[in-house]
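Dear colleague,

I am passing on the structure below, and I would be grateful if you would look through it before you read my notes, which follow directly after it.

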Number of protein chains: 4
Amino acid sequence: MGMIGGGKDAFIGAVHRLAANMDGLIELVAGALSVNPETAIESGKILFLDEERTYLNYEDMLKKESELPEDKRIDFVTIVTPNFAHFAPAMLALDYGFNVVIEKPITLTLEEAKALKQKVDETGLTLCLTHTYSGYPMVKQARQMVKDGTLGKIRKIMVEYPQGWLSTLSEREGNAQAAWRTDPKKSGKSGSMGDIGTHAAQLAEYISGLQISKICADLNIVVEGRQIDDDGNVLLKFDNGANGVLIATQIAAGEENALKIKIYGEKGGLEWHQMEPNTLIVKWQTEPAQIYRAGNGYLSTAASHNTRTPGGHPEGYLEAFANIYRNFTLTVSAKLNGETPSAEMLDFPNVNDGIRGMAFIENAVTSSQSSEKWLDFKI
Amino acid sequence: MGMIGGGKDAFIGAVHRLAANMDGLIELVAGALSVNPETAIESGKILFLDEERTYLNYEDMLKKESELPEDKRIDFVTIVTPNFAHFAPAMLALDYGFNVVIEKPITLTLEEAKALKQKVDETGLTLCLTHTYSGYPMVKQARQMVKDGTLGKIRKIMVEYPQGWLSTLSEREGNAQAAWRTDPKKSGKSGSMGDIGTHAAQLAEYISGLQISKICADLNIVVEGRQIDDDGNVLLKFDNGANGVLIATQIAAGEENALKIKIYGEKGGLEWHQMEPNTLIVKWQTEPAQIYRAGNGYLSTAASHNTRTPGGHPEGYLEAFANIYRNFTLTVSAKLNGETPSAEMLDFPNVNDGIRGMAFIENAVTSSQSSEKWLDFKI
Amino acid sequence: MGMIGGGKDAFIGAVHRLAANMDGLIELVAGALSVNPETAIESGKILFLDEERTYLNYEDMLKKESELPEDKRIDFVTIVTPNFAHFAPAMLALDYGFNVVIEKPITLTLEEAKALKQKVDETGLTLCLTHTYSGYPMVKQARQMVKDGTLGKIRKIMVEYPQGWLSTLSEREGNAQAAWRTDPKKSGKSGSMGDIGTHAAQLAEYISGLQISKICADLNIVVEGRQIDDDGNVLLKFDNGANGVLIATQIAAGEENALKIKIYGEKGGLEWHQMEPNTLIVKWQTEPAQIYRAGNGYLSTAASHNTRTPGGHPEGYLEAFANIYRNFTLTVSAKLNGETPSAEMLDFPNVNDGIRGMAFIENAVTSSQSSEKWLDFKI
Amino acid sequence: MGMIGGGKDAFIGAVHRLAANMDGLIELVAGALSVNPETAIESGKILFLDEERTYLNYEDMLKKESELPEDKRIDFVTIVTPNFAHFAPAMLALDYGFNVVIEKPITLTLEEAKALKQKVDETGLTLCLTHTYSGYPMVKQARQMVKDGTLGKIRKIMVEYPQGWLSTLSEREGNAQAAWRTDPKKSGKSGSMGDIGTHAAQLAEYISGLQISKICADLNIVVEGRQIDDDGNVLLKFDNGANGVLIATQIAAGEENALKIKIYGEKGGLEWHQMEPNTLIVKWQTEPAQIYRAGNGYLSTAASHNTRTPGGHPEGYLEAFANIYRNFTLTVSAKLNGETPSAEMLDFPNVNDGIRGMAFIENAVTSSQSSEKWLDFKI
């Protein structure tokens, strides 16, 4: 694995490394870790990279790695730069024949996402988008139960992702994370929807198997002085007629990453909380609700394939992240070996999720600016 | 107390009696308990009413009670009939000089609510509307903390009230409750908003001290064959600029009465769940969240005035209901004694809440039928 | 109902009145509310008692009430005095032919309890002991499930009742409750076991249907200066061979009334928390755990008979208390009418629970003073 | 790192590898993975070991690795064999100059543990014992708060570890884990205390900073046909006079790994649940309880040093495990570099925890067999 971005003080780069390390399948051997040469070199040392594989820019890395013998060069690159710097390295990496992992959202614009998909299709390479929350085993259990018709036809989805970290203008108080995420040039058209709303939307579509078909958005700049929305409420319609509500806010003072989803069908409902991810509540109208717990024998293959510890030994965010890396890696390995990856291997977000995510942002922004209530969800 | 409606098999009438009994301040002595004479008489017997005060219709009751000596006649009537049968007895009771308790929603239409308010103003009598949830001590604590500025300026309100009991067409399966509540002639223009959305809206306004100023509603008939909405999602703006989301649904299979509210201000947030009502979570951005618990010495007078047991001995729905009855009764007594009721005594929903509730229903229905996104909240 | 004790500032007397009021079946009409004549008279006024039925001592009350015509006199007395003042009025009341409700623990000593039982047996009257926690509907559901063999043979019981209110020497800081409860002359041989350990023991035996057969107790005076134990840990053996642990402590700073019980059988386990009493968790070894909730149609008659509100409208401590009063009242009424009370009516703690409770205290104290590990549980 | 035991189907070996991988500080390069040569070789392949470092027994591995140049050989060995096979390889590894990680309990007997400590002292090498639960950040926060006197003098500790996996005779149904753990020759004198009771005891001592001084144990064979206890209840006294209860059971049907601890001091209490490890509840007698959450800025260095993700992105069991590995590795590195390890680095269980754990088992077994109530805790 070669990493683009993710220098020594970056948040998400470190998370990607922890996740990639976990199963012993992936080794970080090359990096263009920072646009700042000193940071790049220092970060390389900290991460035990060979000096000659500590690159000062991604173009260099991709070129030189591609010139190495096949069994020496990296198998894929991971792009963990701010949103505006996803597209170019991803395109180039694919051109050089490398598979790609990208932190979400996939690109800065929907147009870029479409171009990227075209490139993926042309090259036949594998692209993985780290919508982490879909990597949790109980999310996979939920998806499987919906797929199996356990709840009957889905009627309603309620998903919320409240955070509090942008309750103040922390971008002006030296918080580097906040600085780029609230800068539309680096982050994109929407703050709350780009950063966390896309996660919520992807989760809703992933579990339900449905697609958003109409949208009515109210995006807000709550903290004065900010350039892009830090809060949003969205009404939804799904392609089977179900309705939904999606709330993503970064000004919910006191909240950490309180992503929650509730899905109701004709026969029952599901509830999952990201902050207690090993539990899935399944509710019935005339029977007691059930507490499905990760690591138990009664779970689906979809869930158990993505679990490392037995019931009662909690797994968390890094394990969910690692599931995405593992499935991606297994897919890439299978393809390299000329095998067809199994459904379990292919169970990671890909370029299509990326396009839907960018479309979600664009549609939400357009709807929010419109006085019309409902907007058809366009890609 | 004289009761109108609430015969032997009625749900909410029994709840009113339990709540009224609790503190030993109120005695049921008269009733027009059913439009069915046999049921009225049988119900009177079960409830130990004197035969001569077991009336066959409310007109009779109000007239005859008004003719009794002052110290024998009822002090107030409680109206627990279906929505369409609230207005007429309430008006007549006020005309006869009786104070009135009404089950929510106050009337069938906003027009009726306005006429009722005029009558209340003219007569100087007291009208109480049983928005039960505002009777919980921790709701009162929440309201007090907002009022005291503990959270700073309020920015966002998320309130949801999912129920599952109308997941099927139970109105056609002999469920009498469901039958009248899904019949627009008896229930009003909206099902989900009339029955539970008004509770959610009242709770949001009660705790926050804010008023809804704009609305964008999506009301749905989810279960085929039903005449009025059984589900709705509403975006809100409040008069201080805060935004909000209100979800009220009766088709959330597996849910009981899972009313939850989250309110966020500049400094922190509050969270309260009706099904675990003795706990109020107060969240802070840079300090640990706190668990406020009913019955403790650190609570506000507003909370402790409405508590009967010490911390750890849970109170519930009936106690919240009883708080409304007790405060109403204390207010009526104070007035009868020529005293000015205290703020604690006056802390029960009244005809103004009734008008706002009916306006909420009307505005939600109008908005839902409109293709415009935002509608000014009109009364 | 006539009340002995429970003057205006008493805690548990007020609770008894709230509970007795709730269902409209019981009316407080007489009282010997305090040994202080002024308090007795003032309390009588506050409670709307007739002056002539506001007595200055219980002997007077019992005598005069017994001389009233049958349809005027009280049907039963409620004794809510401190422990040392339970026995004498209970005996006298039975002698006068009145049924009796007593706050737990039943008497000051085991000997008294046995004498009382003999009197109950002789008179054929009904005695009810208010072990409140066995009045909760989900406790009754738990008992029924054990009885039905749902869990298989019971193997282990863990019950704990931590409180924090005696963390300091509050008995010397003007806390009247604390003063008598920490005074062995008024409270009995054990503080923690007498006040709350008996509740825990009764709950364990009630749900499991088992009886304690051996005991190994460690009672402690944790707060220096106190005369009787404020803390205790007890190992148990039950008559079917199951083992158990009972913890009752009043020095667990920060705890309210955190009574919890877990019972495990061959096939599964039960968990119930008093502070969230409407939920019963049922655990299975190879299936998801289930959340049984009060007020639902799938519950046993034992549970639903003791429920007033539908699922999701929480009932609490007062309702549990009221269940005991209601069942007692229904039993007394049935007997008065020459009918045989049903199993549901008879489902309230009686003099036998009282004897077992006093034996529990005595055995715990004896064991705690012994260097032998196991003591046979003696009555 | 070289691993002894932990072949392809072993449970705890895989956990050790995941934990060791996570931070990218440790690489598995050698292994004596199974006593079965075929399993050893196949497991080596699966784990990408070089063929020449895939050893068929640990003696071989230790000898040959010690002959490699310093910069090539392993820095430490990890022993993940069943309990009876801990001592010999640990002694030999130390003799060869390797640092050692051992899965708990440290040895089969207290005698072995003492001998091992002597060897550690003689060699000056580092030994780490994987009492995983003390690796959780909120456990470290709890320990720090106790140390800082936040709760005042500790008065009472309640710790319980219920599991259900030995509810049936699964050792006879082909469960290899169950087979050796219920075999006293492989597992030691006690099943429940050896396997999980030692965890509970270590956790209690670790957080409280106290030491068990007296013990009164009741160990039980609940499932008929088993050779060693599968359940136990233990009363405790600590060296400062505090009392405690420790429950460890493997027959609590329906429980996963429900380790919970509550610690009470003069001023307040702490509560932590292993299955929701990122939350620490801190309770106060006259203020609202607080919810301390992992990853927040208000935590102690002890907690934040052992955290990888920001608040709201849950970490779990593997991260707790990885904390132990990381701190051990940092200590070993510091020592190799001639530096003094910091307090944070040294914060992992060591040979002294191992001795106390073995003493706990021995004392519990002795006490359980005795008719005396209290036994002095002897080492």
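Please keep in mind throughout that this is a predicted model. I begin with the interface of chain A and chain B, where 34 residue pairs are found in polar contact, with both residues of each pair at pLDDT 80 or more. On the side of chain A that touches chain B, the elements that give two or more residues are the strands β6 (154–162), β7 (212–220), β8 (231–238), β9 (243–249), β10 (260–265), β11 (268–273) and β12 (279–284), together with the helix α12 (351–369). By residue class, that side of chain A divides into 16 nonpolar, 17 polar and 15 charged residues.

The contact itself draws 48 residues from chain A and 48 residues from chain B, and the area buried between the two chains comes to about 3500 Å², with carbon and sulfur atoms giving 49% of that area. On the chain A side, the residues that lose the most area to chain B are A:R155, A:Q285 and A:K373, which together account for 18% of what that side buries. Between chain A and chain B the count is eight salt bridges, and one of the side-chain pairs that meet in this way is A:D231 with B:K156, at 2.8 Å from N to O.

Turning to chain A as a fold, its secondary structure consists of twelve helices and 14 strands. Its radius of gyration is 20 Å, which is close to the 21 Å that the globule rule gives for 379 residues, so chain A is as compact as a globular protein of that length. The C-alpha trace of chain A spans about 65 × 50 × 40 Å along its principal axes, and 66% of the 379 residues in the chain are buried. If one takes the contacts in chain A between residues at least 6 apart in sequence, 67% of them join residues at least 24 apart.

One local detail in chain D may also be of interest to you. Helix α4 of chain D, which covers residues 87–95, has as its buried residues D:P89, D:A90, D:M91, D:A93 and D:L94, and these pack against the strands β1 (2–4), β3 (76–79) and β4 (99–102) and the helices α3 (58–67) and α5 (110–123) of chain D. Just after this helix, D:G97 takes a positive phi of about 90 degrees.

With best regards

How values were computed: Residues numbered from 1 in each chain as written. Chains lettered and ligands numbered in written order. Predicted model: local features only at pLDDT ≥ 70, side-chain atom pairs only at ≥ 80, totals over all residues. Heavy atoms only, no water. Contact = heavy atoms within 4.5 Å. Buried area = accessible area lost by both parts, 1.4 Å probe. Salt bridge = Lys/Arg side-chain N within 4 Å of Asp/Glu carboxyl O. Polar contact = N/O pair within 3.5 Å; in protein donor to acceptor, adjacent residues only side chain to side chain. Helix = DSSP H or I, 4+ residues; strand = E, 2+ residues; numbered from the N terminus. Nonpolar A, V, L, I, M, F, W, Y, C, P; charged D, E, K, R; others polar. Rg over C-alpha atoms; globule rule 2.2 N^0.38 Å. Buried < 20%, exposed > 50% of the residue type's maximum accessible area, 1.4 Å probe, protein only.
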